[in-house]
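Here's a protein to look over, with a short briefing to go alongside. Take a moment with the sequence and the 3D view before reading on.

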Amino acid sequence: MAAGVITRHQYYCITHFMNIEPMKFSLSSPNAVARQYSVHFPNNNHKFQELNLSSMNGCGGDDYPIRTPLGVIETRTLPAAPTPLLAADSLNSAIYRLKSSDSPAEDSGIIRIEVPIQEQVEALDWLRSQSDTLLPRCYFSGRDSGDTALIQNRNGDGHASSNGHDSQQNLLSVAGLGSAVSFRHLHPFSLDDWHSIKRFLSNKCPLIRAYGAMRFDPRSDIAPEWKGFGSFYFMVPQVEFDEFKGSSMLAATIAWDKRLSRTYEQAIASLEATMWQVSSVVRRLNGNTARAAVLHQTHVPNKVSWDSAVNRALDLISSKNSTLVKVVLARSSRLLTMVEIDPLQWLASLQIEGDNAYQFCLQPPESPAFIGNTPERLFYRNRLNVYSEALAATRARGRTESLDLQIGNDLLSSAKDHHEFAVVRENIRRKFETVCSSTVVEPSKVLRKLPRVQHLYAKLTGTLEKEDDEFKILSSLHPTPAVCGLPTEEARILISEIEKFDRGMYAGPVGWFGGAESEFAVGIRSALVGKGVGALLYAGTGIVEGSNSDLEWQELELKTSQFKKLMKNEAPLSAMMEKIEL
């Protein structure tokens, strides 16, 4: 490229950042990869994209009977395939058979067709290979093998195997492309919305799940960059790639409901359109990846405004006329870059630091991607058993073993940090006790060490009275004192008055609903990336009596360092892409 020349993508990023109306460039690529055969078709035929972008919204209207069961909920398991390429062949054949057969008599239903793959392929690699698409996408990986849900193996006839090899296999991560049914609304997530999602799920089909997130404060105004997410956004993927320990799985899902204006035939046509855009060539990134150079960085609030906000919070905490004990203040950092940032490339880099953390990506149609690398679980439910944790107070890791031990001991013995942590733990305990028949806190206070930081940690276990209490535990736990404060409403009001940016899904619940199981993390250590926004990095810190604004600002820097380290190089390095036909 000639010196001083700005590409259309660079021009778009700069004008968007400066709130200048950009020229209307056509950003569609000249062609797109079609299925596993690498056949190309021109993008001037928008038939396939239009079919996919108009996903069925499962929330329905005000008069929709949200608790009416679906007519069909079914999982069909085909014989295992040795590679993703052959799995895609098998899946396409099964979809053709669905199309050729008679339509079901039922007016509504959801059917998942899955093909086990006899080798382990990383779900994120598969998703990154689907680069020539505008379809909605999602990704979620469990925090560690001890916390991931266990899914029973099936054989080729769709039934659990009984040949003496019954085993349970860890589902490590899930990548989804396209939406069989989505759930989005501008109003706060309600019990009716929960029922709208749950009617598409079943204990008998554990891998039919709805992945998504909710806003931190659904009552606040939605900023333009968060518009596509609504107050909440969930999707059941049309095409899904599941990564297990030692194997993988490719699946396709169709969902229809005539009362939601989606017929069985329309659902199959939409799935076919998505399958035409799926590539079975999985790209693995080796070595250093290209890093975007930062042209400009702004913080909201800036340091002066931050000091003022912290001092205002401390005055309220110490006031005899206020009940405020803690408030979590956050910062939004906008990074302007010369090139569009690939959110999945960032997520892949974050996986290196991903031990004991959840990785997630959620990208509705025509929206930036919400990505994160969060250590904090909101809750995990397995039938009636529910688990949560308290995570608060932060220190950096030491560069040597002895220094790390010293820093950890200082965190354990700090009165200020113990107070911040105890506020969080006891608040979650009380919420558990209002919903659960029994509650256990064990361990009650230990160190949780992550690659860059360490926290105080406690684990809570409870038993629900009935599975429908899942909505109660979700609405009760969010927002936790670790991301909002205490008392919750007083802290929320102060946040809404002080913060001059939209948190969006940052610090909100992010995860999935299933039939017998559900799991949600807290959307911290997160960013909004791509689609002209550059990168918006989010971080927060708890303000309690004794807090120091300078130290809290340093904590914000520490928490965003996992993203900023991806952008330190001024000159982008060339990426080496190894294409492997699997």
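What follows is a quick tour, from the whole chain down to single residues.

This is a predicted model, where local features need pLDDT of at least 70, side-chain atom pairs count only at pLDDT 80 or more, and totals for chains, interfaces and linings use all residues. Residues are numbered from 1 along each chain as its sequence is written, and side-chain values use heavy atoms, with hydrogens and water left out. The protein has 13 helices and 26 strands; helices (H or I, at least four residues) and strands (E, at least two) are DSSP runs, numbered from the N terminus.

**The whole protein**

- Of the 582 residues in the protein, 56% are buried; buried means under 20% relative accessible area, exposed means over 50%, and partly exposed is in between (1.4 Å probe, protein chains only).
- The protein exposes about 24,100 Å², and carbon and sulfur atoms supply 51% of that area. Accessible areas come from the Shrake-Rupley method with a 1.4 Å probe, and for residues only the protein chains shown count as cover.
- Take the contacts (heavy atoms within 4.5 Å) between residues at least 6 apart in sequence: 79% of them join residues at least 24 apart.

- The average pLDDT is 83, and 81% of the residues score at least 70. That score is the predictor's confidence in each residue, from 0 to 100.
- Over residues 1-53 pLDDT stays under 50, and the model has 89 contacts beyond four places in sequence for them.
- Residues 145-168 also have a pLDDT below 50, with 46 contacts in the model beyond near neighbours in sequence.

**Helix H13**

- How far apart are the end C-alpha atoms of helix H13? They are 21 Å apart, which agrees with the 22 Å that the 16 residues (549-564) should span at 1.5 Å a residue. The expected span is 1.5 Å times one less than the number of residues in the helix.
- H13 bends by about 25° at Leu558. The bend at a residue is the angle between axes fitted to the seven residues ending there and the seven starting there.
- Buried residues in H13 include Trp553, Leu556 and Phe563.
- At the start of H13, a side-chain oxygen of Asn548 comes to within 2.9 Å of the backbone nitrogen of Asp550.
- Ser549, in helix H13, counts as buried because its relative accessibility is 14%.
- The side chains of Ser549 and Asp307 are joined by a polar contact of 3.0 Å. A polar contact is a pair of N or O atoms within 3.5 Å; within protein, one must be able to donate a hydrogen and the other to accept it, and residues adjacent in sequence count only if both atoms are side-chain atoms.
- Beyond its neighbours within four places in sequence, Ser549 is in contact with Trp306, Asp307 and Val310.

**Other helices**

- Why is helix H11 (residues 470-477) largely enclosed by the rest of the structure? Because 6 of its 8 residues are buried. Those buried residues are Glu470, Phe471, Ile473, Leu474, Ser476 and Leu477.
- Ser90 sits in helix H3 (residues 84-100) and is partly exposed, with a relative accessible area of 22%. Not counting residues up to four places away in sequence, Ser90 touches Leu78 and Val115.
- Ser90 and Leu250 are 160 residues apart in sequence, yet 9.8 Å apart in space, C-alpha to C-alpha.
- Asp410 belongs to helix H9 (residues 401-413) and is partly exposed at 39% relative accessible area.

- Most residues other than glycine have a negative phi, and most peptide bonds are trans.
- Val300 and Pro301 are joined by a cis peptide bond, with omega about 5°. Pro301 is in the loop between strand E12 (294-300) and helix H7 (303-318).
- Another cis peptide bond joins Glu442 and Pro443, with omega about 0°. The loop holding Pro443 runs between strand E18 (436-441) and strand E19 (446-449).
- Is Glu366 buried or exposed? Glu366 counts as exposed, at 54% relative accessibility, and its phi is near 55°, a positive value in a residue other than glycine.
- Arg525 has a positive phi of about 50° although it is not a glycine, and it is buried, with a relative accessible area of 10%.
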